[in-house]
Amino acid sequence: MTGAAGAIGSAIVDGLREQAEHVVAQDVDASALQQRHGAAHTVTTDGDLGHSGYRRALADLCRANTVDTVILAHGVDGAGPLHQLDDQRVRRVMGINATAVVALTQDLMPQLRERGGVVVIVDSQAGLQSEPNLAAYCGAKFALVGWARRLAPALAVDGVRLRLLCPGCTRTPLLLAAFGRFAEAAGESLDEALARRVSNIPVGRMAEVEETAAAAIYLADRSAPRPSILAATGGEVLL
Amino acid sequence: MSVMGSPERLGRATRSAPSSTLYVRVNPAADDPFKEWVEDAVVELLASLRGALPPPSSDIAAPVTVAVIVALPPTMDDDPWRAAAGNALVEAVRGIVGSITMELGNAVRINTIVTRDEGAQATQDALGFLSSPRASFVAGSTFDLGGAECAS
């Protein structure tokens, strides 16, 4: 479980522990990770998924713990107008939100093949429908949708399931930070930006982190058929 | 992988309605296709677009017209990981072009052409169409020419 100290990641780990699963919890934030998940039945590891050496070490740790289900829920904020982006920021958004997902999946593939494992990627509705002031983020999230759509059938032949969750607006610090940038770009307050966004969601509200976590855990079931891409967007973006 | 503008096409530009073509080309022999074809390409593409497109506050008489041509390798389908990286590149560009279309509105008219042969007549036809007034209501779209299975 990557991004395990984040809002959605924490809720997923909590949900897995309720099912008595043994969890390897990863995050870049060591103290938050320990604070949230320093409990029994959880192995914690902190490090930057942008570093290939750490990714390989994480894969080794997963192998040692006979991991058969991988949930990739890490990510960095990528919001901002096109002309305020710079190469370094775009590189970070792409590297963490997309390339690290692909590289870690590749590193874990031998053991996933052995165990008939499943990979669940927590992507975004911004991977299905473009949004303004989000060019780099949409680039990363669309890339994962295209990658998974093409690769999933090939991995299924080897017994590995590759599934994507595309959540809509979920109340997380990452989302609020993104909306802060949207609001600034549009010259409005954060509350105005949030209200405008909620007005576009047919169910009339944002998702709670537990709801998005529940969708990820549903996709992580190894023993049952599941959608390869699940859009949990409150109806805002439909597949 | 390379993202580059086309000087001869930039030569079509007028002061009121400049147009440009950006080529996203990939190295078929890349050791790490996702990193090189997708991450590196997106970094370069967004840098090129920042240079080619006016900031929202710009006072322009007509939209800047940009065509992004994604040139995929002729052969990559034998390896599912390479094919997936190619598909990821197409989708990444689609997502970016859509985002910029929504962000910059009528200041820009940007579209994507996906091809495995950038010199093919169909590619040139699409480019000619997108550069013409006939396509003035076409914005944020993807013309899939031969990469159909890639963009599905």
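Modeller: In this predicted model, the buried residues of helix 6 of chain A pack against helix 7 (190-198) of chain A.

Biologist: Which residues of helix 6 of chain A are buried, and what makes a residue buried?

Modeller: They are Leu175(A), Ala178(A) and Phe182(A). A residue is called buried if 20 or more other C-beta atoms lie within 10 Å of its own, so each of these three residues meets that cut-off.

Biologist: How do you know that the buried residues line one face of the helix?

Modeller: Looking down the axis of helix 6 of chain A, the buried residues fall within an arc of 65°, so they line one face. On the other side of this helix, Pro173(A) and Ala177(A) are exposed. The cut-off for exposed is 12 or fewer such C-beta atoms.

Biologist: What span is expected for helix 6 of chain A, and what does the helix reach?

Modeller: Helix 6 covers residues 173-186 of chain A, 14 residues in total. The expected span is 1.5 Å times one less than the number of residues, which gives 20 Å here. From first C-alpha to last, the helix reaches 20 Å, so the value is close to the expected one. Gly187(A) follows the helix, with a positive phi near 70°.

Biologist: What makes up the contact between chain A and chain B?

Modeller: Chain A gives 31 residues and chain B gives 30 residues. On the side of chain A, helix 4 (87-115) and helix 5 (135-157) are the elements that give two or more residues. Helix 5 of chain A gives the most, with 14 residues. By class, this side of chain A has 18 nonpolar, 7 polar and 6 charged residues.

Conventions: Residues numbered from 1 in each chain as written. Chains lettered and ligands numbered in written order. Predicted model: local features only at pLDDT ≥ 70, side-chain atom pairs only at ≥ 80, totals over all residues. Helix = DSSP H or I, 4+ residues; strand = E, 2+ residues; numbered from the N terminus. Arc of directions from axis to C-beta. Contact = placed C-beta atoms within 7 Å. Nonpolar A, V, L, I, M, F, W, Y, C, P; charged D, E, K, R; others polar.
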